[in-house]
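This report describes the secondary structure of one chain and how its elements are arranged. The sequence and the structure come first.

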Amino acid sequence: MKPAFVLMCYLSGAPAGVLHFENVNTCGYFKKHLTEQYVVIGEDQKRYSCFCKLVKVDEKRVRLW
């Protein structure tokens, strides 16, 4: 098991994606640039919310960026 930082993004409350990073600075960079972005789907405008969290992962099963 190895420590990693997971970036979890939600699009108006619905899960939109998860990435695992080795470095908290990389996770924070993507969080900063993705959070508060808007996506227009039809007439709806949806907003991204992203969070970084420290987790333990199995290196053989999860790719770390």
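In what follows, contact means heavy atoms within 4.5 Å. Angles between axes run from 0 to 180 degrees between N-to-C directions, each axis being a line fitted to C-alpha atoms, for helices over the stretch in contact. The model is predicted.

Helix α1, residues 24-34, lies across β1, β2 and β4. Its direction is at about 5° to that of β1.

The strands form an open sheet of four, in the order β2-β1-β4-β3, with antiparallel pairing. Strands β2 (14-21) and β3 are at the edges and have a single partner strand each, so one side of each has no neighbour in the sheet. On average, neighbouring strands of this sheet are turned by 30° against each other, direction ignored.

| Strand | Partner strand | Bridges |
|---|---|---|
| β1 (residues 2-11) | β4 (residues 44-57) | Ten bridges, antiparallel |
| β3 (residues 38-41) | β4 | Four bridges, antiparallel |

Which residue takes a positive phi in the hairpin of β3 and β4? The residue is G42, with phi near 65°, in a hairpin that has two residues between the strands.

Definitions and conventions
Residues are numbered from 1 along each chain as its sequence is written. This is a predicted model: local features need pLDDT of at least 70, side-chain atom pairs count only at pLDDT 80 or more; totals for chains, interfaces and linings use all residues. Side-chain values use heavy atoms; hydrogens and water are left out. Two strands pair if DSSP finds at least two bridges between them.
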